[in-house]
Amino acid sequence: MTDNAPEVLRYAAFTADPAGGNPAGVVLDATGLDAAAQLAIAAGLGYSETAFLTRGSSDRSFAVRYFSPLAEVPFCGHATVAAAVALADRIGPGELLFETAAGSVPVSVTAGPDALEATLTSVEPHVLPVPAADVAEALALLGWSATDLDATLPPRIAYAGARHLVLAAVTRARLADLAYDFDGLTRFMTDRDLVTLQLVWRESDTVFHVRDPFPVGGVVEDPATGAAAAAFGAYLRDLGATTPDAVLTLHQGHDLGRPGRLRVELRTGDPRIRVSGAAVPIPAAG
């Protein structure tokens with residue numbers, strides 16, 4: 001790294017174990033880096049997302065951009081959690097404000113039992129129906145059939161900063177067996193402005209297992225996906241499949257050998273969704 005190159009931090013989000021959760025790159029001072037330079041750094045790092053921060057109107061507010069190895073995305077939850085904890089490691093826990101392409105995202109960092117934990121509050125979400133033809137095409141690209149879907153959790157497009165197609169598997173085994181048409185799903189998602197597919201299996205009313213194919217970002221699967229978790233909370237509320245005040249636990253990354261845990265909170269009278277998780281630095285190799 002040259003003297004003028006920005007420092008790129010590496011954090012694992014939604015875990016207290018550096019070998020778990022979802023790795024994210026964090027550049028705390030992206031001053032002077034244009035989009036091409038940020039994309040090049042993200043591509044070189046190879047993580048599903050890297051967050052680039054520039055100082056905002058106060059010491060605890062920041063403009064944030066998110067890049068996958070292939071493209072910029074409007075919002076990324078795990079990189080938000082990673083960036084917030086990286087900041088807290090340097091300026092202390094407390095309240096932060098991230099200004100993203102999707103809107104303003106408040107983040108609170110507190111001390112957890114094993115590591116610092118960050119809670120982001122999403123932009124206002126919405127949920128949309130999905131044409132039957134789109135569902136059929138997505139299933140074909142996944143190698144799923146209509147009988148693989150949980151009829152009590154119908155397909156929807158859910159948004160809480162980025163768009164996700166939610167598909168619920170009827171069994172944990174169906175969720176675990178993931179092999180899809182990478183190029184075909186990339187085209188399908190690009191045409192519909194989808195960031196990931198949120199594939200879920202319901203263990204109980206408040207516990208879910210999730211997986212997120214992310215071919216549009218050049219990544220087969222995202223190990224822990226905060227933006228999709230927020231969108232999923234909105235999805236459940238829209239269906240009436242959860243209580244107005246609910247705390248959900250999402251398990252993700254187990255099928256990749258990088259287990260993570262995401263906490264999703266819904267509050268009466270507030271349409272926004274709160275997503276929480278720990279984050280820790282990833283030690284340098286060697």
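Analyst: Helices (H or I, at least four residues) and strands (E, at least two) are DSSP runs, numbered from the N terminus. The model is predicted, so local features need pLDDT of at least 70 and side-chain atom pairs count only at pLDDT 80 or more, while totals for chains, interfaces and linings use all residues. Residues are numbered from 1 along each chain as its sequence is written, and side-chain values use heavy atoms, with hydrogens and water left out.

User: How many helices and strands are in the protein chain?

Analyst: By the DSSP runs just defined, both kinds of element occur in the protein chain. The count is six helices and 17 strands.

User: What is the radius of gyration of the protein chain?

Analyst: The radius is taken over C-alpha atoms, and the globule rule is 2.2 Å times the number of residues to the power 0.38. For 286 residues the rule gives 19 Å, and the chain comes close to this, so it is as compact as a globular protein of that length. Along its principal axes the C-alpha trace spans about 55 × 40 × 35 Å. The radius of gyration is 18 Å.

User: What percentage of the residues in the protein chain is buried?

Analyst: Buried means under 20% relative accessible area, exposed over 50%, and partly exposed in between (1.4 Å probe, protein chains only). Of the 286 residues, the buried ones make up 56%.

User: Which residues touch the most other members of the largest nonpolar core?

Analyst: A nonpolar core is a set of buried Ala, Val, Leu, Ile, Met, Phe, Trp, Tyr and Cys residues joined through side-chain atoms within 4.5 Å. The largest one has 87 residues, and its largest share, nine residues, comes from helix α2 (residues 77–91). A second, separate core of seven residues includes A30, I41, F52 and F67. In the largest core, the residues touching the most other members are Y66, F98, L165 and L250.

User: Which strands hold F62 and F98?

Analyst: F62 is buried at a relative accessible area of 4%, and F98 is buried at 0%. The pair ties together parts that are 36 residues apart in sequence, because F62 lies in β4 (residues 61–67) and F98 in β6 (residues 94–100). The strands are β4 and β6.

User: Is the pair of Y180 and F182 stacked or edge-to-face?

Analyst: Y180 is buried at 15% relative accessibility, whereas F182 is partly exposed at 30%. Their ring centres are 6.2 Å apart and the planes are at 15 degrees, so the pair is stacked.

User: Which exposed residues does α3 carry on the face turned away from its buried side?

Analyst: In α3 (residues 132–142), D134, V135, A138, L139, L141 and L142 are buried. They cover an arc of only 160 degrees, which puts them on the same side of α3; the arc is that of the directions from the helix axis to the C-beta atoms. What covers them includes β11 (163–168), α5 (182–191) and β12 (196–202). The face turned away carries A132, A133 and A140.

How values were computed: Phe/Tyr/Trp six-rings, centres within 6.5 Å; stacked < 30°, edge-to-face > 60°. Contact = heavy atoms within 4.5 Å.
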